[in-house]
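The sequence and structure come first.

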Amino acid sequence: MSQEFFDLFDQLVPESGQASTVQGELVRAVMKLANDLVSNGFANWDAGYERLCTFALRHLGDGTFGAQTSTGIRTDIEHIQKYGRGEDTGGYDLEAACDRLMQASVAWCQRHPDHIPHSPDPELKR
């Protein structure tokens, strides 16, 4: 995990609740996924984690990156979702996937330096 990611987390993510910017919410979503994997092996998987994956994929897959990177991001998120749902992932390295999503989040924020307002998702309870 990169120090840049943690710096963005400290700068953009509130102590509780959703972030007020897309950048902050993206970093928060990826951190929530990574933390639950490491802490609980996604034992807490629910609709909230599905929503976090959808949010991350929507922004990380928005055309900011090239086709190869976008495909890798989609693959990582799909495997995270499979594992969370209790499906076989064929030994996919989920910790490495979370690290790549953290790196992609940093790159996405660097390419979108002007804060984009984020309206909280009322259905998201994570």
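## Core and helix packing

Among the 37 residues of the largest nonpolar core, Leu60, Ile73 and Ile80 touch the most other members. Such a core is a set of buried Ala, Val, Leu, Ile, Met, Phe, Trp, Tyr and Cys residues joined through side-chain atoms within 4.5 Å. The model is predicted: local features need pLDDT of at least 70 and side-chain atom pairs count only at pLDDT 80 or more, whereas totals for chains, interfaces and linings use all residues. Residues are numbered from 1 along each chain as its sequence is written, and side-chain values use heavy atoms, without hydrogens and water.

Elements giving two or more residues to this core are α1 (3-12), α2, α3 (47-60), α4 (67-84) and α5; α5 supplies the largest share, 10 residues. Helices are DSSP runs (H or I, at least four residues), numbered from the N terminus.

Leu8 lies in helix α1 and counts as buried (under 20% relative accessible area, 1.4 Å probe, protein chains only) because its relative accessibility is 15%. Its C-alpha atom is separated by 9.5 Å from that of Arg28, 20 residues apart along the chain.

Helices α2 (residues 22-40) and α5 (residues 94-111) pack at about 170°, with axes 10 Å apart. This makes them roughly antiparallel (angles over 145 degrees). The contact residues comprise 14 nonpolar, 2 polar and 1 charged.

How values were computed. Axes are lines fitted to C-alpha atoms, for helices over the stretch in contact, and angles run from 0 to 180 degrees between N-to-C directions. Angles under 35 degrees count as roughly parallel, over 145 as roughly antiparallel, 65 to 115 as roughly perpendicular and the rest as oblique. Ala, Val, Leu, Ile, Met, Phe, Trp, Tyr, Cys and Pro count as nonpolar, Asp, Glu, Lys and Arg as charged, and the others, Gly among them, as polar. Buried means under 20% relative accessible area, exposed over 50%, partly exposed in between (1.4 Å probe, protein chains only).
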